[in-house]
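This report goes through one structure part by part. Please look at the sequence and the model before reading on.

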Protein chains: 2
Amino acid sequence: MTENTAAPTVRLQFKPDGAAVVVPAGETISSAAAQAGVFIALPCGGRGTCGNCRVKVLSGDVAPPTEAEVSLLSEKHLEAGVRLACQTLVYSDAVIEVPQSSRALERKEISLLRRREYTVCPNVCHCVAEVGEATLGNQQSDLARLRDELTEHMDVPPSIQALRALPGAVRNSGGRVRVAGVNGRIVSITPAAERDGIYGAAVDIGTTTVVGYLFDLSTGEYLASAASYNPQAQHGADVISRINFALTEHDGLAQLQAEAISVVNEVIERAAAQVQVETRHIFEVTIVGNTCMHHLVLGLDPAHLGASPYVPVVDEAIDVEARDLGLAVNQSANVHFLPVIAGFVGADTVGVILAAELVGQPRPVLAVDIGTNGEVALWSGSELFVASCAAGPAFEGAQIQHGMRAGPGAIERVDVQDGDLVIHTIGGLSAVGICGSGLFDAVAALLDLGLLDVTGRYAPDGAVSGRAAGRLEGEGTARRVELAHAAETADRTPVLLTQTDIRKVQLAKGAVRAAVELLLRRAGLAPEDLSEVLLAGAFGNYVNPRSALRIGLLPTTLEPEQVRGIGNAAGAGAVLALLSVEERRRAEELAARAIHVELFNSPDFQDVFADAMFFP
Amino acid sequence: MTENTAAPTVRLQFKPDGAAVVVPAGETISSAAAQAGVFIALPCGGRGTCGNCRVKVLSGDVAPPTEAEVSLLSEKHLEAGVRLACQTLVYSDAVIEVPQSSRALERKEISLLRRREYTVCPNVCHCVAEVGEATLGNQQSDLARLRDELTEHMDVPPSIQALRALPGAVRNSGGRVRVAGVNGRIVSITPAAERDGIYGAAVDIGTTTVVGYLFDLSTGEYLASAASYNPQAQHGADVISRINFALTEHDGLAQLQAEAISVVNEVIERAAAQVQVETRHIFEVTIVGNTCMHHLVLGLDPAHLGASPYVPVVDEAIDVEARDLGLAVNQSANVHFLPVIAGFVGADTVGVILAAELVGQPRPVLAVDIGTNGEVALWSGSELFVASCAAGPAFEGAQIQHGMRAGPGAIERVDVQDGDLVIHTIGGLSAVGICGSGLFDAVAALLDLGLLDVTGRYAPDGAVSGRAAGRLEGEGTARRVELAHAAETADRTPVLLTQTDIRKVQLAKGAVRAAVELLLRRAGLAPEDLSEVLLAGAFGNYVNPRSALRIGLLPTTLEPEQVRGIGNAAGAGAVLALLSVEERRRAEELAARAIHVELFNSPDFQDVFADAMFFP
């Protein structure tokens, strides 16, 4: 045991990806892992009843097995150091192995892909060939002898890098070489004896969060994923602040690009490390992101995105060599950027439309991707409309007094029980603040309890009774509800939701709702024509549809059953484009047919927006 | 005047290319220029009678105008510093401008091209486009608006470098941009107002000499050329020594590649400087060279060229981006390497066959490219045969006691007059040594005078009479002829030709002749079937056909009129591939149809070679 006095901390390292974190001694492995960005699946909510979160303690001092562990793990396993991450407290620096089976890998968007039909036909081709020996009777060049063994499909010109590797590869392998081709060019020739394969990565680069997915391109099999925060956030939470940074700082664009590339590399490397894949065997990368992120990753000047008429440098799909971006994959890998639609409707929206199979549905469907910038796509049954709206960062917990991202200790759910609020935090930890899904629930609950009226004003003292009423205090814009009492929080100060916070939620949801209404009008549809609303994005994943309807984010004609979270569908779109050139072509068709509706140009925008700010 | 005592030297710099040289004070400008690698055309042989070699003295102290200058130049010109390079002696450091019109630009191979028909259709396309302004009513991306203005031909995907330049180019030029495309990709977008153009360079990289040619690709116009020595020569004169260096030295291949690239860059930069072209406007480069040089420029392991079965890594034509080679042209430029045929029959031979239009001639034609490695190509009237032979460096003056390259002071011609030898040196300077063409003439003259017998042995004392007999002296392998007496030479020691030198010439010419004989046999032809023999290469340019026949380099059935020097036809082939994708395709067809005859495999090689060593 660590014998330090007062607030001892311990360092945990997670294998095989190598992520590490320093936490107070006595934390559970699962909580520490979450803080290190290693997501362990806790189907039972960390109550020690399912036995899913098995990890192996490779070194370090941990608490003895709990009753739950003794009943769920065999003696042999316990002796080998196998433990349940949700049960095991850590007292010293430790190294913990987290097997694939325990990771929260089955992200919602991966499930989305498993339900969707597509043909695995990646842009990368490869084969193993036996190259005949040269003789005085057959003085053909090394390449000519290799070509004799290649199918027409693979019989393409070599890159200079592949050519340089050719004579050694042929002679060091008894003639057995592995050949990989990208974009109609042979880019890699290696001795076939080497343990290598052909892998691909799909990346969704968000303003806040970046997610990478690793696939085996020879089988289309999903291998691993990893997520990280976008380090550009230090220059501002939204795309406008990034654009301003690029415009005003010396080498601002170069710096933002370097940060984007570093986090893309990080998620790819971490995903690859989980399954011991060498990144030089990654031959294709697909990338989605909003138009600003798209431009910043590519090193394209984003200045003209930020000012009317908000035009991108490029909207079509583009292919770039990995080395031109500094990506830490095979330097000849092709990096495919899905097309963007407009300055504020990016490749991420194209990914959502592609993955959710919006187009072609028999009845009208709406897809909403909620983030700092919200995008709405409406399939009318015959046409595809898209719009963007500036929701602001409130839904991500920013600019809310006690707002925070969806991390450990965030209030992620608020229920009403016996006339009072009941909070649930991520990881079941003491409350630290409130994240987006908690905010939706809290506002819905406050409306249900009568503590908020339809205009968004807190009820005056004495106007409501019940236990929750006691949480109201203060006056004017400082009037507030105490969501978590001091005793329930990590720092022993209450978590509050102020009148100003409520106003920010109203502005945010009003912007999204107005976009929905205006797209419906443009398509000549009424809200009741919608068969379904798909909520994309990490946020859409966790928000309670009932709360989303209760606060009026979506038309109240919808039933909660018609609102469905589909996870990071933008990332799923990137995966589809990675696995299938057919889907890649489809993405281009979808982007080309999308009708972009510029809301600020809409004469009824102000009216609709004002209406949309009220609560139902 | 420079007032240094004893052997004062002066430094001359030549504009606009910037080449410089240090020479003894009192040299002529033309002689100094030749030593600096600046070739001034002297149609009258430097006798001051044609007035072609006009230059402008920008600074420095020179002798007053000669009578020749006063009669050939106007007073106005003389006042402006215009002089004749062959007449003007330099006494101090000076800066001399050499106009295009005075340069020896009309190289023989350029004349060859002027007589040949071809369509100018380079691999580079370009246009000027007017890009419409973006508005809220037309929110198309910058690229989409550019595409609206491009013809189908130019409507190809952009490189990331071009995309990065796009928003600035459009907005800094009032929408008028110049677009350049290479290999089906837009690689450059610049404001059209800039003074720029689309240029290309063709390079012949020889074991000894590297020549670069600059062309305007929008018109196909020839602009300039420059030549330099291959710095790899420090590691050995022939390709075998280069291969050994690559094999045995640490980073040997990398060093040889760097040297090759540096000299290619030098000739391109010097040619471009002559006509004030910025090298970043060079978008296409074509390269020919023997297979070893081809591999070394590309950074391909040449090891397997040097050992049986002598196979290249690649033989087909290949395209590489300039930046992958470190070429100092536009980084997105395409560098096209013409195909090679075999380990010792390279892209230079393909260039000769292409430029000389060998294939398709109604009657059998032979092309011989003589260098350290000799290549022979025979068009039989229906088939194309090629072979290589190891002539050794004797023809380039190496390994000959007083041998030297064809530079100032080299004995380049030997005549018989009044029963004695009369020598002519390059630049009319005091003799320094003897170069290849002089060697041919000297041996032919010695045979004519009876000083040499058919076996290549010098006549014994007293066996011959006449004035030349007095030049014979010494015994055995040291027996020699004094070609230049001490009084005629630069260092006041005689220039000799020894019995051993004669043996080396015999080995060299025997190798070439044997290759010719064996190809004729393989084609089922007799020497008298040949309609013509083309001598390619700088050497073939200067050799006297009569001497070549006299010493038996070529079948004696030929008349001197049937032997024609065609200059650096390999370079001309590179030019054709630069100017025309049709010619490029033709080069690939020619390489594919060439039948490579491996002479060492030939059962009668030894016999034929032994025969070929005798003099006729």
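## An edge strand and its partner

The model described here is predicted. In chain A, β6 and strand β7, which covers residues 176-182, pair in the antiparallel sense over 7 bridges. One residue pair can be picked out: A:Glu130 has A:Arg176 in β7(A) as its bridge partner.

These two strands belong to an open sheet of 3 strands in chain A, with the order β6-β7-β8 and antiparallel pairing. The edges are taken by β6 (124-130) and β8 (185-191) of chain A; each has a single partner strand, so one side of each has no neighbour in the sheet. On average, neighbouring strands of this sheet are turned by 20° against each other, direction ignored. Helix α6 of chain A, residues 160-172, lies across β7 and β8 of chain A and runs at about 30° to β8(A).

## A covered strand

Strands of a sheet pair through backbone hydrogen bonds, and the pairing can be parallel or antiparallel. Strand β9 of chain A, residues 199-205, takes part in both kinds: antiparallel with β10(A) and parallel with β12(A). The pairing with β10 (residues 209-216) is made over 7 bridges, and A:Tyr199 has A:Asp216 in β10(A) as its bridge partner. A hairpin with 3 residues joins β9(A) to β10(A). Strand β12 (residues 282-289) of chain A is also joined to β9(A) by 7 bridges, and here A:Ile205 has A:Gly289 as its bridge partner.

How many of the residues of β9(A) are buried? The count is 7 of its 7 residues, and the strand is mostly covered. Both of its faces are covered. On one side the buried residues are A:Tyr199, A:Ala201, A:Val203 and A:Ile205, and on the other they are A:Gly200, A:Ala202 and A:Asp204.

## A loop residue

A:Arg467 sits in the loop between α12 (436-448) and β21 (472-473) of chain A. Is A:Arg467 buried or exposed? A:Arg467 has 12 within 10 Å, so it is exposed.

Leaving aside neighbours within four places in sequence, A:Arg467 is in contact with A:Asp418, A:Gly419 and A:Asp420. A:Tyr542 is 75 residues from A:Arg467 along the chain, and the C-alpha atoms of the two are separated by 27 Å.

## Domains of chain A

The domain assignment divides chain A into domain 1 (9-102), domain 2 (124-191), domain 3 (202-337), domain 4 (357-393 + 505-612) and domain 5 (398-496). Between the C-alpha centres of domain 1 and domain 5 of chain A the distance is 32 Å.

## Two copies

Two copies of a chain are related by a rotation about an axis and a shift along it. Chain A is superposed on chain B by a rotation of 180° with 0.0 Å of shift along its axis, with an RMSD of 0.1 Å. The two copies are therefore related as by a two-fold rotation axis.

Where the chains meet, 37 residues of chain A are in contact with 37 residues of chain B. On the side of chain A that touches chain B, α5 (142-147), α6 and β13 (318-321) of chain A each supply at least two residues. The most comes from α6(A), with 6 residues. By class, this side of chain A has 20 nonpolar, 10 polar and 7 charged residues. Of the interface residues of chain A, 100% are also interface residues in chain B, so the copies meet through the same surface.

Notes:
Residues numbered from 1 in each chain as written. Chains lettered and ligands numbered in written order. Predicted model: local features only at pLDDT ≥ 70, side-chain atom pairs only at ≥ 80, totals over all residues. Domains from an automatic or database assignment. Pairing = 2+ DSSP bridges. Helix = DSSP H or I, 4+ residues; strand = E, 2+ residues; numbered from the N terminus. Axes fitted to C-alpha atoms, helices over the stretch in contact; angles between N-to-C directions. Contact = placed C-beta atoms within 7 Å. Least-squares fit on C-alpha atoms with pLDDT ≥ 70 in both. Buried ≥ 20, exposed ≤ 12 C-beta atoms within 10 Å, placed from the backbone. Nonpolar A, V, L, I, M, F, W, Y, C, P; charged D, E, K, R; others polar.
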